[in-house]
Amino acid sequence: MPLLVKRALIKGFLVGDYQHRQAEFVKDVSEWLREGKLKYKEDVVERLDRAPHAFIGLLQGKNFGKLIVKVSDDPTR
């Protein structure tokens, strides 16, 4: 009822609404990462046999940032 009386507006967006700006986004974010303006965290678990335990920890909120299971070295580097 308070939402109706106070005329609250809830508005969201879908990433697809801005697909036409993807190249601009990639350019900007790449620059921010190089300059250190954008920070991120990764929770890296080594070896595939540890993935189930990592997944359970993810569901329990024990990880931080993006959870990654590293199964081998990056062959492109």
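**Local features of the predicted model**

With a relative accessibility of 43%, Arg47 counts as partly exposed; by the criteria applied, buried means under 20% relative accessible area, exposed over 50% and partly exposed in between, for a 1.4 Å probe and protein chains only. The structure is a predicted model, in which local features need pLDDT of at least 70, side-chain atom pairs count only at pLDDT 80 or more, and totals for chains, interfaces and linings use all residues. Residues are numbered from 1 along each chain as its sequence is written, and side-chain values use heavy atoms, with hydrogens and water left out.

Arg47 is located in the loop between β1 and α3; helices (H or I, at least four residues) and strands (E, at least two) are DSSP runs, numbered from the N terminus. Although Arg47 is not a glycine, its phi is positive, about 85 degrees. A positive phi, near 80 degrees, is also found at Gly61, which follows α3.

Within helix α3 (residues 51-59), the buried residues are Ala51, Ala54 and Gly57. These residues cover an arc of only 120 degrees around the axis and therefore lie on the same side of α3, the arc being that of the directions from the helix axis to the C-beta atoms. The buried residues of α3 pack against β1 (42-46) and β2 (66-70), where contact means heavy atoms within 4.5 Å. His53 and Leu59, on the other side of α3, are exposed.

Arg34 belongs to helix α2 (residues 22-35) and is exposed, with a relative accessible area of 66%.

The largest pocket has a volume of about 170 Å³. On a 1 Å grid over the protein atoms alone, a pocket is an open set of points with protein on both sides within 12 Å along at least five of seven lines, and lining residues have an atom within 4 Å of a point. The lining comprises Phe13, Val15, Tyr18, Gln19, Arg21, Gln22 and Phe25.

One aromatic pair was found in a search of the whole structure, rings of Phe, Tyr and Trp (its six-membered ring) being paired if their centres lie within 6.5 Å, with planes under 30 degrees apart counted as stacked, over 60 as edge-to-face and the rest as tilted. The pair is formed by Phe13 and Tyr18 and is edge-to-face, at 5.8 Å centre to centre and 85 degrees between the planes. Phe13 is exposed, at 61% relative accessible area, whereas Tyr18 is partly exposed, at 42%.

Definitions and conventions:
1 Å grid on protein atoms, 1.4 Å probe; cavity = no way out; pocket = protein on both sides within 12 Å on 5 of 7 lines; lining within 4 Å. Points joined across faces, edges and corners; volume = space filled by probe spheres on them.
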